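Hello,

Here is the structure I promised to pass on to you.

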Amino acid sequence: MAGQYGDQPVVIIDPSKEQTTGKDALSVNIASAQAVAKIVRSTLGPKGMDKMLVNIMGDITLTNDGATILDEMDIEHPTAKMVVEVAKTQEKIAGDGTTSAVVMAGALLEKAQEMITQGVHPSIIIKGYIMATEKALQIQKDYSIQVGKDDREMLEKIALTSITGKASEMASAHLAKICVDAVYAVENEGKVNVDDDIVIAKEIGGTINDTELINGIAIRKEALHLEMPHRIENAKIALIDTEMAFSKTATKSKLHVDSAEQLLDFKEQEKANFRQMIQKIIDTGANVVFCSKNMDDYAFHFFKEAGVYATRRVKDEDMEVLSHSTGAALVRNVQDITSEDLGFAELVEQEDLHEEKTYIKGFKNSKTMTILIKGGSEHVTDNVERVFDDALHVVKSVFEDGTLVAGGGASEIEVAQKLRAYASTIGGREQMAINAFASAVEEIPRAIAENCGFDAIDTLLELRAAHGNVKYGGINIATGKVDDMLNMGIVDPLRVKTQAIKSASEVAVMILRVDDMLRAREQAMMDVAPEHNIHNYDMSGMM
Ligand code: ADP
Ligand code: MG
């Protein structure tokens, strides 16, 4: 972590403003980073509040997902942007825990500010924070619990903890079960590729409880003609990524004709060419054709005659998924199509002739699954999609790593207490910084308690006092008392917690290293900017 920026001071340049240095610059940076933390703090934990995001078009997003909030907000201050980047990194590496990371980063900076005011130099704080980070990761690891890959019950609890507070309580168990089923279904040699192998589809109608896991893919399309086959076993699939319309081809070409017969000949010729193009596809042995663009009546007539299922205007993202899972190539030049371009599925089926839905199931080299989200409105289905986004990743993390920690603030109390013990063995000013780090980690249980409406100080005192006896003691959100989180099934992946500490500490240290914000002339800008990659920050919001 320290290595990335070495010991060089990082310089941020504001092309339009006077120079600000030292304490002043740092205070401004700290304040703006804290402002970001404050925004998401009230969303943390199962009782966190939602935020309503309204964009310039008036579209509304209701969410309490930290990453989404930060992603959609218009943040301009460069250090605030650094915090947003941290949230993104957290999301990418751990898939959950973004709010925690940002809240901790804010607390680390708040404590740093206090120490700076008391005359502690930022470099000492940085040193203490780095020592504390390493120690904290070790403490978390020692505190973690092993989980077997076949421990379905525990994996469902992991999913549930991530979902709690983000979807209706009644639906949560159902969604958690789907997460675990999906992860088991696409698992490949102990690894899970959530992004490629689990497709999320949304449908308005029904309730969240109707959300289902489909073995394969479902696309919202039907065969173009009732007489086409609607159930194809051993499907050989062609993906055509170009328009298949005769009229189009004909009008595109310029020609010079002298007589009516000649024109007729020409049209006949064009027709024959087009017919031959369709035949090319049929000749590959394809019995299913998905076309991403238009396909005219003339074209699908031939497919129908040949007993081929064909459909048109398939969405680009569906074409991508079809290509990934069936192994078919996206064909742009139909003249060159061969049987090599075809993909395979054990079954392609439009179950209901009157419904625009076709299932593609049973692949050779991939195990794509689809989670079909149902819900009464787009707000509902969008929210459930974000829930899955987090929950699938936490299940993946624990499935792959085999480690989890007790949630509800339990692991944070453990880290804080052990860090304080460690600090006392260090002494000096670093001790202050390590103790500050411990308090920053405790911001998580503090915020969870506050967001539940409990007295944060009382809760924290009780958690600390009980921790010696109840190893996995965390906040019972129903009572405000300390309970065994492991017994209650409130658990988080170790990966999420580890990454949250790393991310928070990393951004805090980065911000503490900045001791200069200066007005740069062109030359100076050229000198410093590229190395630290900060030249592209929008500085307009600064000071
Ligand atoms: P993040 O973006 O950091 O994941 P969340 O809003 O998802 O933020 O809150 C996660 C925190 O809430 C974790 O510390 C987790 O242990 C805690 N948590 C989740 N469910 C419960 C629960 N039922 N009781 C107590 N704590 C919970
Ligand atoms: Mg979460």
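Gln140 is buried, with a relative accessible area of 4%; buried means under 20%, exposed over 50% and partly exposed in between, with a 1.4 Å probe and protein chains only. Gln140 belongs to helix H5 (residues 122-143), where helices (H or I, at least four residues) and strands (E, at least two) are DSSP runs numbered from the N terminus. Its side chain makes a polar contact of 3.3 Å with the side chain of Thr498. A polar contact here is a pair of N or O atoms within 3.5 Å; within protein, one must be able to donate a hydrogen and the other to accept it, and residues adjacent in sequence count only if both atoms are side-chain atoms.

Before you read on, please note that this is a predicted model: local features need pLDDT of at least 70, side-chain atom pairs count only at pLDDT 80 or more, and totals for chains, interfaces and linings use all residues. Residues are numbered from 1 along each chain as its sequence is written, chains are lettered from A and ligands numbered from 1 in the order in which they are written, and side-chain values use heavy atoms, with hydrogens and water left out.

Now to the salt bridges. The search of the whole structure finds 31 of them, each being a side-chain nitrogen of Lys or Arg within 4 Å of a carboxyl oxygen of Asp or Glu. Glu156 and Arg152 form one, with the closest N and O atoms 2.8 Å apart. These two residues are 4 residues apart in helix H6 (residues 152-163), about one helical turn. Glu156 is partly exposed at 23% relative accessible area, and Arg152 is partly exposed at 29%.

Other salt bridges reach across the sequence. Glu212 and Lys374 meet at 3.8 Å, N to O. Glu212 lies in strand S7 (residues 212-214) and Lys374 in strand S15 (residues 369-375), so this pair ties together parts that are 162 residues apart in sequence. Glu212 is partly exposed at 30%, whereas Lys374 is buried at 14%. Asp401 and Arg495 also form a salt bridge, their closest N and O atoms being 2.8 Å apart. Asp401 is in helix H13 (residues 378-401) and Arg495 in helix H19 (residues 494-513), so the pair ties together parts that are 94 residues apart in sequence. Arg41, Glu443, Arg446 and Glu450 are joined into one network by salt bridges that share partners.

Rings of Phe, Tyr and Trp (its six-membered ring) pair if their centres lie within 6.5 Å; planes under 30 degrees apart count as stacked, over 60 as edge-to-face and the rest as tilted. By this rule there are 6 aromatic pairs. In one of them, the ring centres of Phe274 and Tyr298 are 5.7 Å apart and the planes are at 25°, so the pair is stacked. This pair links distant parts of the chain, with Phe274 in helix H10 (residues 260-283) and Tyr298 in helix H11 (residues 297-305), 24 residues apart. Phe274 is buried at 3% relative accessibility, while Tyr298 is partly exposed at 25%. Tyr298 also pairs edge-to-face with Phe302, at 5.1 Å centre to centre and 80° between the planes. Phe274, Tyr298 and Phe302 form one aromatic cluster.

Lys149 lies over the face of Phe399, 4.6 Å from the ring centre, and the charged end of Lys364 is over the ring of Phe344, 4.3 Å from its centre.

Finally, some backbone points. Most residues other than glycine have a negative phi. Glu189, not a glycine, has a positive phi of about 50°; Glu189 lies in the loop between helix H7 (169-186) and helix H8 (194-197) and is exposed at 76%. Asn234 has a positive phi near 50° as well, and is found in strand S9 (residues 231-240), partly exposed at 48%. Gly327, which follows helix H12, has a positive phi near 85°.

Best wishes

Definitions and conventions. Lys NZ or Arg CZ within 6 Å of the ring centre and 35° of its normal.
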